[in-house]
Amino acid sequence: MAFGIKLRVWGDYACWTRPEMKVERVSYDVMTPSAARGILEAIHWKPAIRWVVDKIHVLKPIIFDNVRRNEVSSKIPKPNPVTAMRDKKPLYFLVDDGNNRQQRAATLLRHVDYVIEAHFVLTDKAGPEDNEGKHLDIFNRRVRAGQFFHQPCLGCREFPASFELVEGEVPVSFYVGQTRELGYMLLDIDFSQGMTPLFFKAEMKDGIIEPPPPWSAEVRA
Amino acid sequence: MILQALHGYYERMIADPDSGMPPYGTSIENISFALILDTEGNLRGVEDLRETDGKKRFPRKMAVPAAVTRTSGVKANFLWDKAAYVLGADKNETNTNVPRFAAFKELLHEIGADLADPGFVAIRGFMESWEPDEAETIINAYSPWEEVAGANLVFRLDGVRGFIHDRPPLQNVWRTHCAKLDEALKVQCLITGEHDVPLARVHTPIKGVVGGQTSGGYIVSFNASAFVSYGRDKADVGETSAFAYTTALNALLTRGSRQKITIGDMTIVFWAERSNPVEDFLADLIDPAPVDALPQIQIDYQTTLKIHDLLQAIRSGKRAVDIVPDLDESVRFYLLALAPNASRLAIRFWETNTVGGLLQKVGIHFQQLEIVRQFDSDPEFPPLWRLLRQTAPLGKSENIPPVLAGGIAKAMLTGSPYPQSLLPTVLGRIRAEHQVTYFRAALIKAFLIRNKQWEVPVSFDPARTDRPYLLGRLFAVLEKAQEEAVPGTNATIKDRYLGSVSANPGQVFHMLLKNAANHTAKLRKEPEKKGLAFSYDKMIQDIIDAFDDFPATMSSEEQGLFMIGYYHQRKDFFTKKNKETQS
């Protein structure tokens with residue numbers, strides 16, 4: 001774990017939507033590993049590296065809340081942006097259309113605070129100019145400067161994540177001394193296998209979840 | 001976690017043969033009649049299976065080979081179905097029943113082509129010789145055709161116990177048939193974690209949620225393009241797991257279930273990880289019947305008393321085991337609150353706790369609500385629905401703000417703070433109706449204690465010195481003085497000023513005090529009330545001496561405390577009077 005980083009992320013709201021309950025959204029109890037990966041990638045990612053999430057620390061108690069939001073029922077169909085680009089036409093998506101808009105309830109989390117421990121590995125896209133030290137430096141520099149490619153969010157774009165580098169010890173979790181079964185949780189999407197979702201049995205020990213790497217026997221077996 | 005816990009409940013119940021939980025491959029359906037056949041397949045009678053409840057007759061719930069999902073088109077069920085399929089006729093005499101009758105016959109041939117079971121042979125014989133055109137006349141000889149024509153029918157073999165669809169050989173062929181259909185995508189199930197299990201295409205709708213569509217709603221659904229991520233328009237739930245969780249939830253939601261409560265627009269179901277007596281009486285804890293209700297049925301009265309004892313124990317912080325010895329407090333307990341949203345179900349809240357922890361939360365709720373009762377008929381443990389009605393215009397259940405209902409129920413069962421809107425809503429009702437009732441005072445008290453950590457006493461506290469409480473007491477004294485001086489007025493100062501006096505005491509009290517001087521002056525002129533005038537003057541003086549000036553405005557929390565002071569002082573007047581009459 002020579003190239004490990006520790007990133008603290010927090011925010012007022014978070015919704016780590018469960019795949020089975022994503023219409024009337026219900027959040028997982030804690031951040032999923034793929035969401036953690038998404039936050040890291042929002043700050044720094046290149047085809048040459050792949051992030052691997054080692055640990056997720058849950059610092060604050062898990063509090064659920066209910067929110068009703070106006071959402072839409074459709075997505076922009078794929079051909080629309082293609083033709084818009086080709087014909088130089090404006091692309092529009094009518095959000096306030098009564099047939100498109102709908103109210104949906106969400107059971108989400110309040111006042112979350114996590115520390116993500118992760119490292120990255122070089123992929124086969126890495127060229128001779130890529131090395132671990134370089135990307136680690138870039139990441140750390142970007143975090144300290146508050147830079148990102150797109151705003152990291154806590155599960156939904158409406159819930160932006162604040163972030164900072166943890167340089168010393170990880171703060172003590174609310175759940176120290178407790179073990180909690182969180183059931184099966186989404187680990188990640190296997191993009192090499194036709195976007196197959198992978199699940200793992202999540203267990204929180206002392207407020208820490210250690211997801212298995214996506215190719216381990218625990219996931220495949 | 002929700003689906004996992006429901007799956008666990010199903011497995012717990014299926015292990016108990018008396019639970020009536022249907023095994024995989026079956027579903028619980030409403031069946032009204034059984035056709036009695038002899039071994040050749042001749043109709044020998046029609047048995048009415050319906051159960052009477054009062055004057056109405058309800059079809060019997062029965063486990064039958066799982067129903068197909070019929071939206072449009074013709075699809076038959078195995079060994080049972082509507083009259084249109086089984087008899088080829090129903091009330092509307094159209095040709096649409098011909099293909100239905102044929103489909104039912106064809107499915108029998110397809111599944112049991114070479115089956116020699118006498119029950120199956122009888123049904124096949126019946127189908128071969130049956131004339132749909134004469135259905136009405138033949139059935140009328142046994143049972144009224146209008147009733148049979150619209151109902152679901154099963155078969156029974158004459159002189160043999162049980163129904164034909166329950167015969168083991170037929171259950172076997174049905175299971176083989178179900179397994180054969182599983183050519184679905186193989187996935188990792190997110191409920192059990194098993195790999196390469198057949199994917200559930202459609203999840204059985206959940207019925208019995210108040211306000212939902214009668215055909216049921218879905219927890220898991222992907223009915224529009226916006227809900228699809230990574231091209232997956234189905235949740236990765238195995239067929240058997242999907243069956244287990246929907247069946248378990250439907251069982252919890254059935255009519256007359258003891259594990260279901262309806263509050264406002266939500267339906268709460270609850271269950272324990274292992275069998276636990278709390279499952280039987282939690283609904284009574286949340287909506288306790290008053291003890292002095294007419295003891296019509298002795299058993300019910302006994303239960304009510306027992307619940308009352310239990311409530312008193314948990315309110316004072318004692319453990320429930322002292323009252324219910326066979327209670328295991330360490331068992332995990334689940335609460336799931338559902339609310340309908342179009343054809344889908346939204347999860348209002350989901351709470352996991354131990355039995356002991358849950359009872360403790362309920363106890364704290366009642367402890368914080370506890371306030372001196374206005375009338376002896378007021379319930380000692382106010383049921384949730386009566387509390388909620390106090391927040392609604394005209395006291396009607398349909399006017400209860402849904403978010404408030406959910407929030408209060410959640411606060412009671414999980415120990416979370418009461419909704420922020422509770423206090424303004426209750427104050428608004430008091431302003432509109434000029435009534436500080438027992439329930440409203442209790443709600444304000446609980447809110448101030450839990451959300452604001454204020455100290456609010458259960459009953460009248462003359463030593464208390466904070467201004468809002470004193471102002472509330474003062475207003476009660478002024479009102480009483482007016483009542484004595486001018487009995488039978490149409491509108492007392494309470495009716496005119498209860499709203500404004502709590503919000504702007506600085507403006508209103510000076511005028512009220514001037515009026516009160518007139519009232520006591522009038523009392524002094526009546527010889528028998530002279531003493532009263534003196535005591536009111538003294539009370540007003542004592543209260544006013546305790547603070548410096550009248551505040552221009554008061555926050556809603558202070559207004560809440562004002563109402564408590566008013567309620568306590570007023571209650572105190574009447575308590576004293578009772579003592580005088582007794583002595």
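**Exercise 1. In what order do the strands of the open sheet of 4 strands in chain B run, and with which pairing?**

Solution. Start with the ground rules. This is a predicted model: local features need pLDDT of at least 70, side-chain atom pairs count only at pLDDT 80 or more, and totals for chains, interfaces and linings use all residues. Residues are numbered from 1 along each chain as its sequence is written, chains are lettered from A and ligands numbered from 1 in the order in which they are written, and side-chain values use heavy atoms, without hydrogens and water.

Step 1. Know the terms. Strands (E, at least two residues) and helices (H or I, at least four) are DSSP runs, numbered from the N terminus. Two strands pair if DSSP finds at least two bridges between them.

Step 2. Read the order. The sheet in chain B runs S11-S12-S13-S14, with antiparallel pairing.

Step 3. Find the edges. They are S11 (260–263) and S14 (344–354) of chain B, each pairing on one side only.

Step 4. Look at one pair. S13 (residues 332–341) and S14 of chain B are antiparallel over 10 bridges. Leu338(B) has Ile347(B) in S14(B) as its bridge partner.

**Exercise 2. Which strands of chain B does helix H11 lie across, and which does H13 lie across?**

Solution. Contact means heavy atoms within 4.5 Å. Axes are lines fitted to C-alpha atoms, for helices over the stretch in contact; angles run from 0 to 180 degrees between N-to-C directions.

Step 1. H11 (residues 355–369) of chain B lies across S13 and S14 of chain B, at about 105 degrees to S14(B).

Step 2. H13 (residues 402–414) of chain B lies across S11, S12 (266–272), S13 and S14 of chain B, at about 20 degrees to S14(B).

**Exercise 3. Which aromatic residues form a cluster with Trp271(B)?**

Solution. Rings of Phe, Tyr and Trp (its six-membered ring) pair if their centres lie within 6.5 Å; planes under 30 degrees apart count as stacked, over 60 as edge-to-face and the rest as tilted.

Step 1. Count. The rule gives 20 aromatic pairs over all chains.

Step 2. Take one pair. Trp271(B) and Tyr334(B) have ring centres 5.5 Å apart and planes at 35 degrees, so the pair is tilted. Trp271(B) sits in S12 and Tyr334(B) in S13 of chain B, 63 residues apart.

Step 3. Take another. Trp271(B) and Trp350(B) are also tilted, at 6.0 Å centre to centre and 40 degrees between the planes. Trp350(B) lies in S14 and Trp271(B) in S12 of chain B, so this pair ties together parts 79 residues apart in sequence.

Step 4. Check burial values. Trp271(B) has 0% relative accessibility; Trp350(B) has 14% and counts as buried.

Step 5. Assemble. Ring pairs link Trp271(B), Tyr334(B) and Trp350(B) with Tyr9(B).

**Exercise 4. How many residues of strand S6 of chain A are buried?**

Solution. Step 1. Count them: 9 of the 12 residues of S6 (residues 179–190) are buried, so the strand is largely enclosed by the rest of the structure.

Step 1. Find its partner. S6(A) runs antiparallel to S7 (residues 196–205) of chain A, joined by 10 bridges. Tyr184(A) has Lys201(A) in S7(A) as its bridge partner.

Step 2. Inspect the turn. The two strands, S6(A) and S7(A), form a hairpin with 5 residues between them, and Gly194(A) in the turn has a positive phi of about 65 degrees.

Definitions and conventions:
Buried means under 20% relative accessible area, exposed over 50%, partly exposed in between (1.4 Å probe, protein chains only).
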